[in-house]
Amino acid sequence: MKKNILTCALVFAILTNCTPSKEDNTHSEPDTPLKQEQAADPLPSWNEGVTKKAIIDFVEKTTNEGSTDFVEVKNRIATFDNDGNLWSEQPLYFQLIFAMDRIKAMAEGHPEWKNEEPYKSILEGNVEKALAGGTKSILALVMASHAGMTTDEFNQEVNDWLATAKHPKTGKRFNEMIYQPMVELLDYLRANDYKTFIVSGGGVDFMRAWVEEAYGIPPHQVIGSSNKVKYEVSEDGTPTLIKQAELNFIDDKEGKPVGIHQYIGMRPVFASGNSDGDYQMLEYTMAGNGPRFGLLLHHTDSIREFAYDRESHIGQLNKGLDDAEKMGWTVIDMKKDWKKVYHFEK
């Protein structure tokens with residue numbers, strides 16, 4: 001199954017309610033040995049080398065008022081892809097796994113699914129056959145599992161799933177499959193007055209249900225693919241938003257610079273991704289005036305995570321890998337550059 005097919009599953013998967021936001025620049029935890037270590041080394045889960053040095057050098061020169069590359073605080077915008085860049089995305093996009101789990105949970109109310117594809121194959125545990133129907137089948141799974149409920153209800157479904165569902169390789173909850181080095185990078189940027197945004201092909205409201213707790217990024221700083229919602233007032237007078245099975249915006253490839261313009265209104269200074277779906281976001285970022293930083297995560301660690309790039313069915317990194325040097329992008333070699341991948345590693 002090619003990456004573009006599974007990407008379609010995510011770009012159609014959408015809309016949930018936001019959790020209460022908090023400022024992403026402030027943390028009130030008490031001083032600890034870990035915090036003291038991070039003050040001395042802002043990226044402790046990164047190995048020393050050219051990649052770590054390039055990041056720190058860029059942040060220092062853009063935040064030093066005496067530097068010719070100084071960037072005013074109001075212009076310090078950093079954008080990050082999510083799937084495969086802030087958390088894992090193998091063996092399938094986590095939101096697609098959520099959609100399939102929802103189909104199983106909803107099956108009792110849909111006896112017709114026992115004889116209808118792709119639902120039949122999902123209920124029989126044959127994921128490969130279910131996805132063999134391509135975009136049409138995946139869209140059917142996503143729409144059946146995501147549409148027709150209020151945004152509040154969907155938000156609760158996402159949180160309930162994250163509290164119990166486990167990754168098939170590690171046995172960890174999906175929201176534990178977060179890259180510790182990237183969390184440190186987000187914190188480091190915010191400590192230097194960068195405002196961090198997620199710009200992802202995944203469902204914007206699926207992400208908004210949990211990313212603030214995971215990354216310190218509030219819901220209003222998340223850009224993603226979306227379906228339309230409809231405003232309704234129930235019989236008891238309660239206003240609600242109902243998720244619709246109609247596409248609103250695809251935040252992938254060329255859509256990422258468009259989404260940045262529409263929702264942020266400023267060109268980023270720093271952009272980070274991991275696949276060719278992020279190519280245009282990095283290209284757009286680097287085209288601006290003044291200092292710019294493009295960062296690509298190359299999945300090279302088959303032991304601690306997954307090794308994949310050009311031929312992967314999702315998260316394919318081909319053109320970006322070829323063009324990174326001439327475009328001036330820094331490439332993270334996961335196996336070489338990261339001391340640890342996840343926070344739960346010893």
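Predicted model: local features only at pLDDT ≥ 70, side-chain atom pairs only at ≥ 80, totals over all residues.
Residues are numbered from 1 along each chain as its sequence is written, and side-chain values use heavy atoms, with hydrogens and water left out.

Okay, helices, meaning DSSP runs of H or I with at least four residues, numbered from the N terminus. Take α4 (residues 94-106) and α8 (residues 151-164): their axes are 11 Å apart, at an angle of about 100 degrees. Axes here are lines fitted to C-alpha atoms over the stretch in contact, and angles run from 0 to 180 degrees between N-to-C directions. So α4 and α8 are roughly perpendicular, a label for 65 to 115 degrees. Who touches whom? From α4 we have F94, I97, F98, D101 and R102, and from α8 F154, E157, V158 and W161, with contact meaning heavy atoms within 4.5 Å.

Now the other pair: α3 (residues 50-63) and α9 (residues 180-191) cross at roughly 15 degrees, their axes coming within 11 Å. That makes α3 roughly parallel to α9, which takes an angle under 35 degrees.

On to aromatics. Rings of Phe, Tyr and Trp (its six-membered ring) pair if their centres lie within 6.5 Å; under 30 degrees between planes is stacked, over 60 edge-to-face, the rest tilted. That rule gives 20 aromatic pairs. Y179 and W338 are a tilted one, 5.5 Å centre to centre with 50 degrees between the planes. F94, F98, F154 and W161 turn up again, among the members of one aromatic cluster.

How values were computed
Helix = DSSP H or I, 4+ residues; strand = E, 2+ residues; numbered from the N terminus. Parallel < 35°, antiparallel > 145°, perpendicular 65-115°, else oblique.
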